Amino acid sequence: MKKVIMGNHALSWGAQLGRAQVIAAYPITPQTQVVELLSEMCASQALNAKFIKVESEHSAMAACLGASLAGARTFTATSSQGLALMHELLHWASGGRLPVVMGNINRAMAPGWSIWTDQNDSLSQRDTGWMQYYCASNQEVLDTTIQAFKVSEALAIPSMVILDAFALSHTYEVVDIPDQDKVDKYLPPFRPKLRLSSDDPHAFGGLTSPEHYYELRYKLQKDMERAPALIEETGREYEKMFGRRLGLAEDYQCSDAEILFITSATAGYTARVAVDALRAEGIKAGNLRLRVFRPFPFDKVREVARRAGRVAVVDRNLSWGCHGIFYQEVKSALYGHTDGLPVTGYVAGLGGRDITPETFKEIARDALSRKKNEPAEEIVWIGVKR
Amino acid sequence: MIEIRFHGRGGQGTVMASKILADAIAKDGKYVQAYPEFGVERRGAPVFAFIRIDDKPIYDKSKIYTPDHVVVLEPTLVEALDLTEGLKPGGTILINTDKKPGDFKQYAKFKVAVVDATGIAIKNKLGTLAAPIINTAISGAVVKIFRLARLESLFDSIREAISLSPEDNVRAAQEAFERVVTGNGAKK
Amino acid sequence: MKKKKSLERIVFASESEFPLMPMSLGTMHYNRTGAWRNIKPVIDLDKCIQCGICWKFCPDVAILIQDEWPVVDYDYCKGCGICAEECPSKCIAMVEEKK
């Protein structure tokens, strides 16, 4: 069924079709519509889920953890300050091997108080052991939410489905909403082997000495390393059933790119418009949009980047005192694999400053003007009023 | 690809108008993207909404700066804002007003379309005399002037979106569709 | 009351033997946390008014009600002293454990 819906509602539909059983969430702009629609779906019994009203995001995640440990498929959604408030429990979800799925609307961290888009909130949580998917369309949000339940439950690792504030959360697009029957065939019920049970009682997450902690965390990493292949496989299965393919990344015109943009989220779509415009001007541009950031898709990045003349990584985020986060990770992934390939890091669009096709044209001009053998160490800022 | 900007005041249904139109466009099998001005909203404040329409998937997720057309739901905004800012030369500004296109000399560079959506809404008892709901009426005019979607698709979208007196809204859209006129700001 | 079970020292030789999650391998029935105690509550039933507050407040569910009187389960009581603090008739004394 095709419907024009906003990005936030695409998350709600994903949770509904995925048959989430427990939803505990706290409202925060620009996520409120996710939870509003879910509570309507619960009230009308379109969704048979227990909706827990909590007093903060920290409590929301706590409730999700308890429910997940009891064997329920859980879902929540938040943004920026709310995500930050949940921080210690994000570690609990991954260390506790609980497959919670959470929608996060990328919103700039305060101060100054901002409701506009910026990736620092989710990227600040990149070390917490959650898988991270960055979406560029409302269709992708819905499809990714369903797929995230499947991958998370197979690996017992939580995941975040991430979308830009306003550019996706409040933007209406045509979305093909799959049939519940087909989704049920794709996504079986959640049946964890280990869970809270009075028939087979155990205590979870208790005191763990140095004798045991290390191996438990080793296992988490090893399971995360299985994720890239599983995400691709799950994506192929989804394509067979629903006709839409999503993988670790989306490459556009990358086979012969003199200048390759590496992007994410909605900027990763706007980049395509710039690629077309640049090609029309005779500049061979290409765009690699990373959809999955955790686990980091090393192989995919190396495979595509090695064919490029130059790489421009575009970050809508920044790790203060260092560099753009996608830039740092891309550069480190390429080290030893593509020596001699110039990689430059661009920062743009912080705090909701618009990223337009013009932004990418400026980036291409800058990248192509640099000497190939002079590594550009400094951050190249685009659009700062100087 | 066509880009349209809508102007209204908070609480008038500007965003709803863009959503109803987006639905109608989607029903006709085209690609559409619609969004409100991103910010904190309050009743009475100027509100913007935007639509992009194309026959192929829309990848541009940046804001619309140079719309092809502009739609004005609230006539008092004509004095308050530069409603044609960014409007491409040769574009049309569609205004909810009981005046004629020739009365808008300030828009001489553009095509001017007018429809008395307020009058049509009042006649069809939509909203109140003090606060008539004109968004469904103006959507009928939009569909006529810009040929974005079939009128039938618009009627279906209105019926799906509006639970209170949907047929009165459909009638308003039909009337506006029939009564909207285009002219030029310079001529009468 | 509860069966005593000898706790074997479990050592995993390889990460592949570890369970997926950090978890206790058995129930807490066999982990008698009463052994952690330095002071223990002693209830003077002559002064007790049977209000049930000690039972309600105990964070370890280590005070049970038997025949309408509070009874401390010394297998699990950790000696936190909350019952003594909250008792309205002050009939609970915290007494040092003799070791």
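Helices, of at least four residues, and strands, of at least two, are runs assigned by DSSP and numbered from the N terminus. With that definition in place, I turn to the structure shown above, which is a predicted model.

I begin with chain C. Read from the N terminus, its elements follow the order β-α-β-β-α-β. How much of chain C counts as buried? Of its 99 residues, the share is 14%. Consider next the contacts in chain C between residues at least 6 apart in sequence: 66% of these join residues at least 24 apart.

Chain C also meets chain A. Here 10 residues of chain C are in contact with 15 residues of chain A. On the chain C side, seven of the residues are nonpolar, two are polar and one is charged.

Let us now move to chain A and one strand in particular, E11, which spans residues 285–290. Is this strand mostly covered or mostly open? It is mostly covered, with six of its six residues buried. As a general point, side chains in a regular strand alternate between the two faces of the sheet. In E11(A), one side carries Ala285(A), Asn287(A) and Arg289(A), the other carries Gly286(A), Leu288(A) and Leu290(A), and all of these are buried.

Which strands pair with E11(A)? One of them is E9 of chain A, residues 249–252, which pairs with E11(A) in the antiparallel sense over four bridges. Within that pairing, Ala249(A) has Leu290(A) as its bridge partner. Strand E10 of chain A, residues 259–263, pairs with E11(A) in the parallel sense, over five bridges. There, Ile259(A) stands opposite Ala285(A). Between E10(A) and E11(A) the chain passes through helix H10 of chain A, residues 267–280, forming a right-handed β-α-β crossover.

The largest of them has 180 residues, and the members that touch the most others are Ile138(B) and Ala176(B). Its greatest contributor is helix H1 of chain B, residues 14–27, which supplies eight residues. Chain A takes part as well: domain 1 (2–242) and domain 2 (251–381) each provide at least three residues.

What surrounds Ala176(B), if we leave aside its neighbours within four places in sequence? Its contacts are Val115(B), Ala117(B), Ile120(B), Ala137(B), Ile138(B), Gly140(B) and Ala141(B).

Note on methods: Residues are numbered from 1 along each chain as its sequence is written. Chains are lettered from A and ligands numbered from 1 in the order in which they are written. This is a predicted model: local features need pLDDT of at least 70, side-chain atom pairs count only at pLDDT 80 or more; totals for chains, interfaces and linings use all residues. A nonpolar core is a set of buried Ala, Val, Leu, Ile, Met, Phe, Trp, Tyr and Cys residues joined through C-beta atoms within 7 Å. A residue is buried if 20 or more other C-beta atoms lie within 10 Å of its own, exposed if 12 or fewer, and partly exposed in between; C-beta atoms are placed from the backbone. Domain bounds come from an automatic or database domain assignment. Two residues are in contact if their C-beta atoms, placed from the backbone, lie within 7 Å. Two strands pair if DSSP finds at least two bridges between them. A crossover is right-handed if, with the strands pointing away from the viewer, the path from the first strand over the helix to the second runs clockwise. Ala, Val, Leu, Ile, Met, Phe, Trp, Tyr, Cys and Pro count as nonpolar, Asp, Glu, Lys and Arg as charged, and the others, Gly among them, as polar.
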